[in-house]
Amino acid sequence: MEQAMTAGALAFPIWGLLLPFKSSGPMRWSAEAMRSDFPALVAWVLFGVAFGTLLQALTDLAEPILGPEYSGAAIAEGVRKRIVILGGGFAGMKTAERLEKLAVGRHSASVTLVSNTNSLLFTPMLAEVAGSSLEPSHISAPLRSSLAHTECIRGRVTGVDLEQRTVSLDNMNGDAQLHLEYDYLVLALGGVANFLGNKDVERLAFSFKSLFDAIRIRNHVIEMFERADREPDSTIRRRHLTFVIAGGGFAGVELAGALNDFARGILLDYRSVQRSEVEVILVHSRERILPELTESLAMYALKCLEERGVSFRLNARVKGATPGAIDVSDGIINSDTLIWTAGTAPNPLLNSMTLEKDKRGAAIVDRTLTLQNRPGVWALGDCAAVTDAITGQPCPPTAQFAIREAEAVAENILAVLRDKPQKAFHFKSLGSLCVIGHQTACAELAIPFTTSGLLQFSGLSAWLLWRAIYLSKLPGLERKIRVLMNWTLEMFFPRDIVQMIDLE
Amino acid sequence: MQTDLGTNMRNSIRLSMHGQLMNTLIGLSVGLAGGLARGVILQRPILTSAIYGAVFGLLFGLLVARRASSAGTGLIWGLGSAFTIWLLLSSRVMPVFSAMAHSSSMLYDVRSRFPDLVADLLCLGTPVGLAVGTFGIRQTSLDRPRFSLGRAVVAGGLAGIFAGLIFGYWMLVGGFFPLLAGLTQPSGRFAATAAQFVVALILGAAFGVLFQRDVHSYGSCMGWGMGFGIFWWFLGPLTLFPWISRLPVDWSAQNANNLYGAFIGHILYGLILGVSYATFDRVWLRLFFQSDPLNRKPEGPGLHLLRSLQWGAAAGLAGGLISSPVMIATGVLPRVAGTDTPLTSVGGLLTHLVISTLIGMSFGLLFRDESPTLHIGVLWGCLFGMIWWYAGPVTLLPLLLTSEIDWRAGTISSLLPALIGHLLYGGSTALFFMLLEHRYIRRIRLNSRSANLDSLPQRPLGNPAPALWMFAIGLGMLLPILLG
């Protein structure tokens with residue numbers, strides 16, 4: 001009956017369409033033509049019903065002999081090329097995302113991503129988590145949800161055999177070794193905090209690279225206020241309430257601004273703590289903070305932060321640290337809190353691999369981001385020493401560049417799959433944005449055809465620009481909505497001081 | 001439709017011997033009673049009419065009943081079957097194959113047998129379908145979605161009130177067709193309004209109860225709404241309203257011609273009801289079903305929406321290009337969207353393509369996941385094209401240009417050539433949309449991990465969509481020809 005009715009229904013539009021082709025005269029799509037050709041309509045419907053019935057009957061008869069009808073799209077049993085990506089940061093995740101669009105299915109390639117976390121951390125908003133402005137999970141996108149067609153493996157890479165083309169990993173506990181074979185490998189391992197060999201600092205300082213670090217810093221700040229609130233000794237109280245940040249780059253400045261807002265904002269809940277007792281100090285080894293921005297913007301940021309209560313120790317270095325005291329080159333700071341943002345180094349796993357590296361330890365890649373003398377292996381992001389193919393300048397290890405490098409690597413893998421030449425990497429920075437406190441930011445955008453090539457913003461407009469751009473870049477609609485709601489709530493309610501699970 | 005779902009599924013809708021026997025008996029007895037009523041109403045020989053009804057019921061019980069797993073499913077199968085049989089038998093098919101076939105005599109013959117159509121639909125198709133379908137609720141072995149009475153009544157009732165509110169007011173102002181509340185001569189305005197809303201509520205709730213398990217997307221809801229509207233035109237203005245008003249029930253083609261405006265009104269009412277029901281039903285599902293972590297879909301609403309819009313735009317553009325020659329040839333759209341730009345000019349063609357793209361996007365939103373195979377996709381597309389013909393050239397365009405609507409059969413008859421262009425546009429848009437949708441699904445299914453995330457769209461077993469297409473597309477196209 002289904003086939004009969006379906007074919008009968010199809011007869012109506014078919015009859016209408018074929019109407020003018022039945023005669024050699026002029027086109028006859030008119031009501032009169034339809035009425036005069038009415039018997040043909042009935043004939044078409046009859047033909048359709050009979051055809052459908054016959055088709056159904058023949059299908060029923062044929063099935064016992066020929067077997068069931070084709071059930072639809074077949075799933076490829078074997079996949080020809082295995083692409084393995086090591087690292088789930090911006091570089092790794094974006095490479096996988098781009099490959100899903102370009103290669104999965106179309107070229108029968110499988111993509112496997114190995115990461116020691118199961119989510120992508122949106123680092124531009126990390127300072128807001130430390131400052132209790134955003135919920136931690138809201139700035140992390142689950143890799144499995146974002147990469148529907150990629151096999152995501154949470155594990156720690158323990159070794160890469162570039163000769164045998166295998167990757168070894170464990171399940172983060174040092175057991176359950178797993179070996180992955182690959183045809184193409186992408187190294188997007190990222191970086192780690194570089195404490196410049198100072199073991200005391202490494203032992204006592206908080207690093208500021210991961211979500212765990214941000215949660216720990218937030219918890220620690222709240223803990224310091226709890227202790228200060230019940231501490232009668234003013235010296236110890238001041239020590240608890242002094243927060244030192246080493247490094248005046250983007251990460252350090254944004255963290256200083258966020259922590260300063262957080263620390264001074266929660267004073268209402270700690271009635272015995274005086275505003276004057278709270279101190280946020282930023283230690284920076286150069287003359288001015290924010291070397292990534294022009295001097296005028298850096299000075300603006302410095303002035304704004306100072307007005308909001310942040311102190312600066314410029315041309316100073318953290319030389320060492322003991323519990324309760326931080327040894328800075330221009331004097332000791334009594335503090336229980338040191339947060340390290342002063343340097344990063346490529347992932348130490350690279351040391352175990354036979355690669356050409358630069359003095360930082362980053363893997364040297366050619367113009368196509370392929371490892372030197374290692375075809376089929378690409379490196380990008382913080383773990384690679386990437387040079388712009390046109391300008392010859394080294395590319396900075398920022399998220400902006402990592403994303404573009406990821407796109408280039410994915411397209412080059414596709415080119416290899418298609419036996420086509422790879423493209424050289426070139427990208428001109430779009431600009432920089434830095435939040436320095438409540439509704440205040442600095443922005444420097446690359447604008448073509450202007451005298452300096454740069455357009456500078458500061459204050460509220462830059463802050464709005466920062467929020468708009470990073471909100472749009474945050475992966476996932478759901479995350480965007482959650483962050484937007486957090487930002488809106490923050491306008492009306494004070495920041496949360498509930499301590500989370502102590503991850504230490 | 002079920003043949004697209006494979007042999008195993010076909011086997012699964014076979015009934016037990018007892019169930020088959022009961023269905024046949026119910027079909028036979030209700031058909032016999034309907035045939036008797038048909039003979040009495042049409043003043044035909046009672047015995048012949050009773051035999052005709054009994055044969056209809058018997059065939060329905062034997063061939064269709066196993067698919068009629070609910071009253072709504074049975075109703076649509078019954079209407080589709082009754083219409084098909086009426087068209088093929090009452091138009092005296094045999095002359096079609098002979099050289100004696102004469103167009104005007106056949107058209108006249110079919111027109112004169114219009115009362116038979118109404119009688120077949122209301123005395124045979126409706127009662128037999130409803131009876132067999134109601135019995136089929138307990139008998140069928142189909143693995144169908146669970147029925148929720150609360151959801152059906154609430155979503156349907158709200159949709160009915162909403163559709164009644166906006167459409168009833170419009171119709172009353174325009175005086176296009178009598179509404180039930182206007183027939184009872186209530187004591188005051190409040191009573192009239194209350195009666196109107198009660199009727200709207202009942203109609204909407206009935207829609208939900210009858211078709212909850214059959215409808216799928218917004219598009220199919222509109223299709224069912226259109227079918228429901230056409231059915232209510234036969235039942236309401238042609239039958240119940242004069243009967244309530246103690247006037248003679250007149251099923252002649254002449255009276256149908258007089259009530260042709262109400263036919264279009266009922267189609268548009270059905271479309272509004274369908275799309276409103278889909279909206280309320282989706283909200284209900286979102287709140288009480290899809291919010292359950294066990295029922296989450298792998299693809300978020302944002303991605304789903306964007307893909308539908310993207311494919312719909314591409315398919316609409318292709319459909320616009322394909323249908324342009326027919327639109328120009330029919331000469332019904334000499335001006336694009338009522339503007340001064342001729343369709344044959346570059347600007348006019350571009351405007352036409354932009355409009356086609358936008359309408360294609362609406363197709364993407366309405367009809368996603370509805371097309372497992374080519375012919376099913378094309379038929380939904382044709383229905384979409386027909387909906388746009390009734391909504392566009394027949395209603396909105398004259399309303400925008402002249403602030404008046406002329407729904408007389410003669411006027412609509414002059415717009416018939418545009419229907420062909422709309423059917424071609426809808427069909428080709430659906431075809432391209434289906435190709436894009438299937439291409440995407442096939443591509444991601446190559447990856448074994450993705451294979452269980454997205455599958456080709458399917459409709460539940462025994463779904464009466466083919467009968468709906470036959471009924472809605474057939475009558476939507478036939479009545480303007482027949483009554484104009």
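Biologist: How many bridges join E21(A) to E22(A)?

Modeller: In this predicted model, strands E21 and E22 of chain A run antiparallel, and within this pair A:Leu371 has A:Arg374 as its bridge partner in E22(A). The hairpin that they make has 2 residues between the strands, and A:Asn373 takes a positive phi near 60° there. The number of bridges joining E21(A) to E22(A) is 2.

Biologist: In which order do the strands of the open sheet of 6 strands follow one another?

Modeller: The edges of this sheet are strand E5 (151-154) and strand E21 (370-371) of chain A, each of which pairs on one side only. The pairing in the sheet is mixed, and the order of its strands in chain A is E5-E2-E1-E9-E22-E21.

Biologist: In what sense do strand E9 and strand E22 of chain A pair, parallel or antiparallel?

Modeller: Strand E9 covers residues 184-187 and strand E22 covers residues 374-379. Among the residues concerned, A:Leu185 stands opposite A:Val377, while A:Val186 has A:Trp378 as its bridge partner. The two strands are paired over 3 bridges, and the sense is parallel.

Biologist: Which strands of chain A does helix H12 touch where it packs on the sheet?

Modeller: Helix H12 of chain A, made of residues 399-417, has a direction at about 170° to that of E9(A). Helix H4 (residues 90-102) of chain A packs on the sheet too, touching strand E1 (81-86), strand E2 (109-115) and E9, with a direction at about 165° to that of E2(A). For helix H12, the strands touched are E1, E2, E9 and E22 of chain A.

Biologist: Which strands of chain A are the edge strands of the open sheet of 3 strands?

Modeller: The order in this sheet is E15-E16-E17, with antiparallel pairing, and neighbouring strands are turned by 20° against each other on average, direction ignored. E15(A) pairs with strand E16 (residues 325-328) over 4 bridges, and A:Gly320 has A:Asp327 as its bridge partner in E16(A). Pairing on one side only, the edge strands are E15 (318-322) and E17 (331-334) of chain A.

Biologist: What distance separates the centres of domain 1 and domain 3 of chain A?

Modeller: The domain assignment gives chain A a domain 1 at 2-66, a domain 2 at 81-116 + 155-193 + 345-417, and a domain 3 at 199-342 + 431-490. Taken over C-alpha atoms, the centres of domain 1 and domain 3 of chain A are separated by 75 Å.

Biologist: What average pLDDT does chain B have?

Modeller: In chain B the pLDDT is below 50 over residues 1-12, a stretch with 33 contacts in the model beyond near neighbours in sequence, and also over residues 96-100, where there are 6 such contacts. Where pLDDT is low, the predicted coordinates should not be read in detail. In chain B, 77% of the residues score at least 70, and the average pLDDT is 78.

Terms used. Residues numbered from 1 in each chain as written. Chains lettered and ligands numbered in written order. Predicted model: local features only at pLDDT ≥ 70, side-chain atom pairs only at ≥ 80, totals over all residues. Domains from an automatic or database assignment. pLDDT = per-residue confidence, 0-100. Contact = placed C-beta atoms within 7 Å. Pairing = 2+ DSSP bridges. Axes fitted to C-alpha atoms, helices over the stretch in contact; angles between N-to-C directions.
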